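Please keep the sequence and the 3D view open while you read.

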Amino acid sequence: MRRRLASSSYHEEMEKSNGKPPSSRLCFLATLAGMFWILIFYFHFFVLSSPISPTEQPVAVSVDAQHVQHLSEEQNLPEPVAMPHQTHSETHAEPKNFPFSRALRTLENKSDPCGGRYIYVHNLPSRFNDDMLRDCRKLSLWTNMCKFMSNAGLGPPLENAEGVFSNTGWYATNQFAVDVIFNNRMKQYDCLTKDSSIAAAVFVPFYAGFDVARYLWGYNISVRDAASLDLVDWLTKRPEWSVMGGRDHFLVAGRITWDFRRLTESESDWGNKLLFLPAAKNMSMLVVESSPWNANDFGIPYPTYFHPAKDADVFIWQDRMRNLERKWLFSFAGAPRPDNPKSIRGQIIDQCRKSSVCKLLECDFGESKCHSPSSIMQMFQSSLFCLQPQGDSYTRRSAFDSILAGCIPVFFHPGSAYTQYSWHLPRNYTKYSVFIPEDDIRKRNVSIEERLSKISPDVVKEMREEVISLIPRLIYADPRSKLETLKDAFDVSVEAIIDKVTKLRRDIIEGHEDKDFIEENSWKYALLEEGQRTVGPHEWDPFFSKPKDGNGDSGSSSAEAAKKSWKNEQRSQS
């Protein structure tokens, strides 16, 4: 018997059903096909085509996690396993919104050239600024400051009869005129805003230096403090203040910090107490000399005589300084300090007098050349090194005049430049200067000539080039115009303030708190490298041992230095 083929069986069944498959098999096949296509459509439209947005995802996870946790607590189920990289705060708390969040977000807008750079300027009542300029004869007891307020605070143009200066951009600028120069530069800032919510920082155009200068001699402390108290009262009532309690605010004073740090309520004590007011401690104050022991002031350069209107003016001057022949190994412009036993100026003057390679310009009473910009710049331009010992306080305008002349500065105290102007000068001070500790002169009678002559000509050339390259960032451009590509002292200062405020805001958001910060070591923090947060013993500690006069900010040392500074201002006008 032959085996029946499967195909014949299939045909027999077809014949029995009039050529059609049985109905039960047909339904089964149709059901399978339908389910297959339903699965295909579901996978395509509901899985692949419906991505979850980043903002939706944490909410969904949060709800599910809370729901599962609730069930586990009620039914003693195991705790849910946390998703990778998922923190407790992400699943149980909404991100906190800070009042400065909008300002930080401008940093992310790459199409906005001002993103993260906006400055909001308070519209102060005129009594805090313009009224002082209108009453300029009262700004100094010995100096008629009115002539120095001309040309947007640059002062009258300098004559160039001896060819010491370039043809344009040179003015008889008063060394304490930074208040008005900075304010006028701010008016030209390219990222000003009237919307404080997007501001990276807030500028307070208060002429703090001019204010204190009016009342230092012959006025009681109530008069000296009046404008500062008035300013703080006005600021703290503004909505902009409440955003960070003033920690995003900054102002400028073209005087040394000791004029604003009166510790006591004694009428005989020096200065006002602006920088000791609680509100002012939150603000940043830019001064020509800051305190090494306080955190709310920052050093910015003294103004020089050069205020270029365009980049080309700077480049021409730099080239000229490179090509000068310098016949003196070193030079010094200054007067002795016989009433200060710690001063090394007398020894420096003695060494210079005895040296055949030193040029000396003595600045005592009756010596008019020392107060002549032309005489000073001419001497610096003819010298390889310029000696810059402490003045009545740590700093001197002369240091910036010498750098402008392409002369390598020689410092004897780190507070004269290295810890003062960390925004504007390289941390590696050996690239642009020579450091001879004061005790080398005072106690060891080290020969300055011998020390400097040991520096090879190639190294001198490299150092001079570094000095000349620093010129743009140490001068204040003409406030009535704008440099095209170069950044001047104003630009560097504003960038530093913005960076400071931005870092502070990010630390607040991230919950960082520097509990180890020691304000008395403020000078050390300025020397830290990027990413460093802690300070320790330093080779310069002996230079900054705090005076034993209260808190070391006024009284017998710092206030006395400020008084002497004023006496020498009087001397310069004699």
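Buried means under 20% relative accessible area, exposed means over 50%, and partly exposed is in between, using a 1.4 Å probe and protein chains only. By that scale, Lys 359 counts as partly exposed because its relative accessibility is 32%.

Before going further, a word on the model itself. This is a predicted model, in which local features need pLDDT of at least 70 and side-chain atom pairs count only at pLDDT 80 or more, while totals for chains, interfaces and linings use all residues. Residues are numbered from 1 along each chain as its sequence is written, and side-chain values use heavy atoms, with hydrogens and water left out.

## The chain as a whole

The protein chain has 22 helices and eleven strands. Helices (H or I, at least four residues) and strands (E, at least two) are DSSP runs, numbered from the N terminus. Of the 574 residues in the protein chain, 48% count as buried. Contact here means heavy atoms within 4.5 Å. Among contacts in the protein chain with a separation of 6 or more, 73% come from residues 24 or more positions apart.

## The disulfides

How many disulfides does a search of the whole structure find? The search finds four, where a disulfide is a pair of cysteine sulfur atoms within 2.5 Å. The table covers some of them, including the link of Cys 114 and Cys 191.

| Pair | S to S distance | Angle about the S-S bond | Hand |
|---|---|---|---|
| Cys 114 and Cys 191 | 2.1 Å | -80° | left-handed |
| Cys 352 and Cys 358 | 1.8 Å | -90° | left-handed |
| Cys 386 and Cys 407 | 2.1 Å | 110° | right-handed |

Take the link of Cys 114 and Cys 191, which is left-handed. Cys 114 sits in the loop between α5 (101–105) and β1 (119–121), and Cys 191 in the loop between α8 (178–186) and β2 (192–193), so this pair ties together parts that are 77 residues apart in sequence. Cys 114 counts as buried because its relative accessibility is 11%. Cys 191 is buried too, at 1% relative accessibility.

Turn next to Cys 386 and Cys 407, which are joined by a disulfide. Cys 386 belongs to strand β9 (residues 383–388) and Cys 407 to the loop between α16 (398–404) and β10 (408–411), so the pair ties together parts that are 21 residues apart in sequence. Cys 386 has a relative accessible area of 0% and is therefore buried. For Cys 407 the relative accessible area is 0%, so Cys 407 is buried.

## Around Lys 359

Cys 352 is buried, with a relative accessible area of 2%, and Cys 358 is buried at 7% relative accessibility. Lys 359 lies in strand β8 (residues 358–362).

Which residues is Lys 359 in contact with, leaving aside its neighbours within four places in sequence? They are Trp 328, Phe 330, Ser 331, Phe 332, Cys 352 and Met 379.

## Where two helices meet

Helix α13 (residues 311–322) and helix α19 (residues 457–474) have axes that come within 10 Å and cross at roughly 160°. That makes α13 roughly antiparallel to α19, a label for angles over 145 degrees. Axes are lines fitted to C-alpha atoms, for helices over the stretch in contact, and angles run from 0 to 180 degrees between N-to-C directions.

In this contact, Val 314, Trp 317, Gln 318, Met 321 and Arg 322 of α13 meet Glu 465, Ile 468, Ser 469, Ile 471 and Pro 472 of α19. These residues divide into six nonpolar, two polar and two charged. Ala, Val, Leu, Ile, Met, Phe, Trp, Tyr, Cys and Pro count as nonpolar, Asp, Glu, Lys and Arg as charged, and the others, Gly among them, as polar.

## Two backbone details

Ala 152 is not a glycine, yet its phi is positive, at about 60°. Ala 152 has its place in helix α7 (residues 150–153).

Asn 445, also not a glycine, has a positive phi of about 55°. Asn 445 is found in the loop between α17 (438–442) and α18 (448–453). Is Asn 445 buried or exposed? Asn 445 counts as exposed because its relative accessibility is 56%.

Definitions and conventions: Parallel < 35°, antiparallel > 145°, perpendicular 65-115°, else oblique.
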